[in-house]
Amino acid sequence: MQRNYAIDFIKFFAILAVVIIHTFPSNDQLGYFVLDNLSRFAVPFFFVASGYLFSLKVSANPQSFAYFKKYVPKILKIYVSWLLFYAGYDVIRILLTDGNVKAELTKYKENLTVLNLLYYGQGTSGYQLWFVISLVWSIVILYLFYRLKKVRLLLVIAFCFNLLGLFGQSYSVFDELPVSTTRAALYISLFYTVMGFWLASVHTWRKYNARTYFYFFCFFTILQVLEGLWLQKELGSKHGEYFFSTIFLTLFLFLYALSNPNLGKGFMITRIGGNSLGIYTIHIFFIDIIDIFFRRIGLEQSTHNLLQNLVDAFLVFTLSYVAYQQLQKMKAILLNQS
């Protein structure tokens, strides 16, 4: 099976987009709004890539259940490990504050509900971990439907839930979905994960070349910006994390990757993209650390300074990658010693 370098190549830009979303300010300035909107391809692309690669491992594989039993615990270990890391970090932060430590710890404990921890991925400062636990739920549901030979049915069901989830996002200006958040497995990750799984079994995309898919991706990217502007600027909706256009721009971006598998081969950024999950899990910690540093040197009021935003994003991205690489080296040493 030929390795697809383009997936890791695009993952680099996707994880960079995630860092930009989390480090740049969310405000009404047009430039920041467009940048945030353009970065919204990242998480859907990660889910599609995960579903696609999972399909390559289990489809027509008599040992598919054995792989499934290894894959899900592996992702769960990543989630639990980083959940404990952020919980420990949060407790240390509370203990070092000058406020009412007991009251803060009690309030913190109240957020650590079963639903938050096991489904929404919330409760700690590691809010980005929702992606990891959502992927677990999506893979579990996907594999069940795969064994039932009903993946296409699941794709339709997941698509309907994804559309429904828009009404918990910026489309709530029309009619709001009565749930706490639609940034969860049922509304976003399941659909894109199943899409990736399904694309692995579809070959009609070979009729068109990579340039065609890239043009379609650009078209729907522009359409997503216009959709976001219409909803938020014209209709006054709340901030959206994904849109209707996101479905199509993600689809065509992934088809572009499939039709150009050698894109980024031998590039350093492709190797970095292959470590995107590690960067994703740790980068929120460095955002907090760098924010503390900026406050210490008196830059806390400069949140709309473009240069500072760029420096912030660069530091977070670089430190996250370097730290993850060091953690991997330490892990390898410990495994060798054991």
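Which helix gives the most to the lining of the largest pocket? The answer is helix 4, with nine residues, where helices (H or I, at least four residues) are DSSP runs numbered from the N terminus. The model is predicted, so that local features need pLDDT of at least 70 and side-chain atom pairs count only at pLDDT 80 or more, while totals for chains, interfaces and linings use all residues. Residues are numbered from 1 along each chain as its sequence is written, and side-chain values use heavy atoms, with hydrogens and water left out.

Pockets and cavities were located on a 1 Å grid over the protein atoms alone: a cavity is a set of points where a 1.4 Å probe fits but cannot get out, a pocket is an open set with protein on both sides within 12 Å along at least five of seven lines, and lining residues have an atom within 4 Å of a point. Grid points are joined across faces, edges and corners, and a volume is the space filled by probe spheres set on the points.

The largest pocket has a volume of about 1,600 Å³ and is lined by 46 residues, of which Lys11, Leu53, Tyr71, Lys74 and Gly274 lie nearest its centre. At least two residues of this lining come from each of helix 1 (5–23), helix 3 (42–58), helix 4 (64–95), helix 7 (130–147), helix 13 (276–296) and helix 14 (306–337). By class, the lining of the largest pocket holds 26 nonpolar, 11 polar and nine charged residues, where Ala, Val, Leu, Ile, Met, Phe, Trp, Tyr, Cys and Pro count as nonpolar, Asp, Glu, Lys and Arg as charged, and the others, Gly among them, as polar.

For the second largest pocket, the volume is about 350 Å³. Its lining comprises 18 residues, and Ile10, Phe13, Phe41, Phe217 and Leu253 are the closest to its centre. Helix 1, helix 2 (30–38), helix 10 (210–234) and helix 11 (244–259) each supply at least two residues of the lining of this second largest pocket, and the largest share, six residues, comes from helix 1. The lining of the second largest pocket divides into 15 nonpolar, three polar and no charged residues.

One cavity of 30 Å³ or more was found, and about 40 Å³ of space lies in the largest cavity. Its lining is formed by Ile20, Ile21, Phe24, Pro25, Ser26, Tyr32, Leu35 and Asp36, with the largest share, three residues, coming from helix 2. Six of the residues lining the largest cavity are nonpolar, one is polar and one is charged.

Two individual residues were also examined. His22, which lies in helix 1, counts as partly exposed because its relative accessibility is 23%, between the limits for buried (under 20% relative accessible area) and exposed (over 50%), taken with a 1.4 Å probe and protein chains only. Although His22 and Ile284 are 262 residues apart in sequence, their C-alpha atoms are 7.9 Å apart in space. Leaving aside residues up to four places away in sequence, His22 touches Tyr127, Gln128, His283, Ile284 and Ile287, contact meaning heavy atoms within 4.5 Å. The side chains of His22 and His283 are joined by a polar contact of 2.8 Å, that is, a pair of N or O atoms within 3.5 Å of which, within protein, one must be able to donate a hydrogen and the other to accept it, residues adjacent in sequence counting only if both atoms are side-chain atoms.

Ser237 is placed in the loop between helix 10 and helix 11 and counts as buried because its relative accessibility is 8%. The side chain of Ser237 reaches the backbone nitrogen of Gln232 at 3.5 Å.
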